[in-house]
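This briefing is meant for a reader who is meeting the structure for the first time.

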Amino acid sequence: MNFLSTGMPVCARLDTTRRTLVLASFADRLPCVVYCGSRLGDDEDLAALSRAAVRPIANSTLDRAVELSICPEEGRGFQGHPGLRAFDAAGRPLMTQFRLSSLERQGDALVVEAVDAQCGLTYRARFATHPDTEVIEVEADLTADREAVRVDWLSTPVVPAPASATDFIEFAGRWTQEFGLRRVPFTRGAHLRESRRGRMGHDHFPAFVVPDAGCTDTLGEAIALHFGFSGVHRMVAEETAEGLRQLQAGVAEPAMLEPGETLSSECGFLAFSDEGLNGLMHALHDHVRRHVVRFPDPARPRPVHYNCWEAVYFDHDLDTLKELADRAAAIGAERFVLDDGWFGSAGQGRDDDTTSLGDWYVDPRKYPDGLGPLIDHVETLGMRFGLWVEPEMVSPDSALARAHPDWIIQPEGRVQLPRRSQQVLDLTNADVADYLFERLDALLSQYSIDYLKWDMNRDLTLAVDREGNGLLRRQGKAVHALIDRVRAAHPGVEIESCASGGARIDYEILKRTHRVWLSDSNDAHERARMQHEAMLFLPPEIVGSHVGPRRCHTSGRVLAMPFRAGVAMAAHMGFEMDLRELEPDEEATLKRYTRFYKENRTWMHAGRQHRLEPACAERLAHMSVAADRAHFLAFVATLATIRDESAPPIRLSGLDPDAHYRVTLWNRDEINASSHRRFAMPIADPDGLVLSGRALMKSGVTLPMGFPDTMWIVQGTRTEGR
Ligand code: GLA
């Protein structure tokens, strides 16, 4: 190839059905993403496109405009957050100037290879598509060709963020407050978020969304990058002095590479939309459904759960659990999940959260005949059985810790602060992994269990092995390997990823799990918001949502049953409460909502979600639209007293504009005379109203006023005429 001397860029494009990404390399330097957006015509002149984007050179700057390559290099004059930070064995910085050796299509991927012979490094990047989705998977790797290298940072291939965006979206939060969507002004400087906790943490779901100026839920352009690695991540959104804007993601832990070894950045997931944030969400949901989550039996509808945690906590009594199972089945539950508290060792059981983690044997004090009698009872009621485990953890007060103190992550001479009185096992130790596999395999083989709630309830603080080597990345991989091993041995078992609620959610863990426990908050008021924000990345069928106790255990809030049930049925529904507290009217309501969930879940879980703009700050709304657009349900939550004297119409989304829909208020019997004066409101009529999809989307429909913490469920069905 003689492009090295021509001065013309070497370009390559990657297309999905609706998107195009263009890479261009000038004068053999690492390529830049010069375009990422709506699909370009097949005849687009990529060289002209790339050259048109070359920046002018200001006075008193370097003599060539600094580029934002897929791995911005300090050695090429880039002064922002570099894509790679590496050092030789003597600690000298490796100031790379990679030279492109190939940029080519390999199947559905664009693959870049570049070498810096002087530094002894080879860099590769991969932008991979799938024929049936719009998400591009991006990953870089680095090989130490000659000598040992320390890599402090290796980013996923860098993508530019739109220059006209005024801000970007990230997710912050804490326990019981996951997925707090925040808008951060996109201004000069670097915004860096990371987790070195051994899990994602409640405070940062690893993703940035950059809505271009004017982007709303339904209109405009946006780009999203999600980093798919549990346990350790860093994400950077930066605007440099030149006005270059970049998004980086990677593993926030240094690594040593021996000669010949290769390090991966791990995988990022890149989505682009020209249909607002909802367009991003659709691309991401399609990708999760087709290439991330793999259900053992995709045809099986998401069963209604009953989880006993907030009913009994550690107080396991067989008769009580059987009674709860009876009640749960009568209301409509299809899977009974036995939570924490069932295990222990001889003479010691899990009666509170201070002991027994690691002793994964059924506690004979609580279950003298094993789990069989409970499981038989559950199955006789027509439900399947699930079990809570927390394999990575150990209580110092356990038979396991006493027998194998060296299995605990605890560097010499250091104290790992306990959290919830527990410590973490070193899963990179094969003996530990074998023990855990043996225990899980034995339980899954002996008992009829079709579901594990796989929990992870603490952060790592001193994340090094006994030799002092960093463990975060290796522990994360070892967790994946253990889950994979369990799944290979028991392919019919579904797994939920839980970490004190939603502290471990990413697409890599979701490649081997089937549900996330979004939050330990069963408070429907909080949950409505969390589900709304998390929905951008997570389709509803994988987001666990439980109808909690009347008085919420994590907030003290008292919420009415219709609201609790409405919020849960919009995701993967379950109940988690002492069902003996239910008054007859609450029980009847829960039954009705559960039946309604079952009637609609199949199409909802295969359909499109649309976040709506309710034009009213006190409301949060979204809708599920069937794939064929023949049905929809809109969930309109009112979370506070509506400030104005009336609420504006809600404009729907995602409908067939030319079709007509009969629209009714499914829960019109909840209209409360104290919040809403009765008048002839067509939607409250049993026959509802019939309008075109276009009218429903452009003009919308008004709903009754409602008290705070209530939800309207608007049901629509395509009709043949008015
Ligand atoms: C974590 C989970 C809860 C529950 C408890 C059990 O906090 O998030 O749902 O399973 O552990 O100890």
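In this predicted model, Leu 612 stands opposite Ala 621, a residue of strand β34. The strands concerned are β33 and β34 (residues 619–625), which run antiparallel and are joined by 5 bridges. The points below set this pair in its sheet, then turn to the ligand and to another sheet.

**The sheet that contains β33 and β34**

- The sheet is an open one built from 6 strands, which follow one another in the order β33-β34-β35-β38-β36-β37 with antiparallel pairing.
- Its edges are formed by β33, covering residues 608–612, and by β37, covering residues 689–692, each of which pairs on one side only.
- On average, and with direction ignored, neighbouring strands of this sheet are turned by 25° against each other.
- Helix α12, made up of residues 561–569, packs on the sheet and touches both β35 (631–638) and β38 (710–719), while the direction of the helix makes about 50° with that of β38.

**The ligand and its surroundings**

- The ligand is surrounded by 13 residues, and the closest of them are Asp 339, Asp 340, Arg 420, Lys 453 and Asp 520.
- Arg 420 has an N or O atom in its side chain that is 2.8 Å from an oxygen atom of the ligand.
- For Lys 453, a polar side-chain atom lies 2.7 Å from an oxygen atom of the ligand, and for Asn 457 the corresponding distance from a polar side-chain atom to a ligand oxygen atom is 3.1 Å.
- Of the 300 Å² of accessible area that the ligand has on its own, the protein covers 96%.

**The sheet that contains β4**

- Here 3 strands form an open sheet in the order β4-β9-β18, and the pairing is again antiparallel.
- The edge strands are β4 (84–88) and β18 (255–257), and each of these pairs on one side only.
- Neighbouring strands of this sheet are turned against each other by 30° on average, direction ignored.
- Strand β4 is joined by 5 bridges to β9 (residues 149–154), the two running antiparallel, and Leu 84 stands opposite Leu 154 in β9.

Notes
Residues are numbered from 1 along each chain as its sequence is written. This is a predicted model: local features need pLDDT of at least 70, side-chain atom pairs count only at pLDDT 80 or more; totals for chains, interfaces and linings use all residues. Side-chain values use heavy atoms; hydrogens and water are left out. Two strands pair if DSSP finds at least two bridges between them. Helices (H or I, at least four residues) and strands (E, at least two) are DSSP runs, numbered from the N terminus. Axes are lines fitted to C-alpha atoms, for helices over the stretch in contact, and angles run from 0 to 180 degrees between N-to-C directions. Contact means heavy atoms within 4.5 Å. A residue is near a molecule or strand if one of its heavy atoms lies within 4 Å of it. A polar contact is a pair of N or O atoms within 3.5 Å; within protein, one must be able to donate a hydrogen and the other to accept it, and residues adjacent in sequence count only if both atoms are side-chain atoms. Accessible areas come from the Shrake-Rupley method with a 1.4 Å probe; for residues, only the protein chains shown count as cover.
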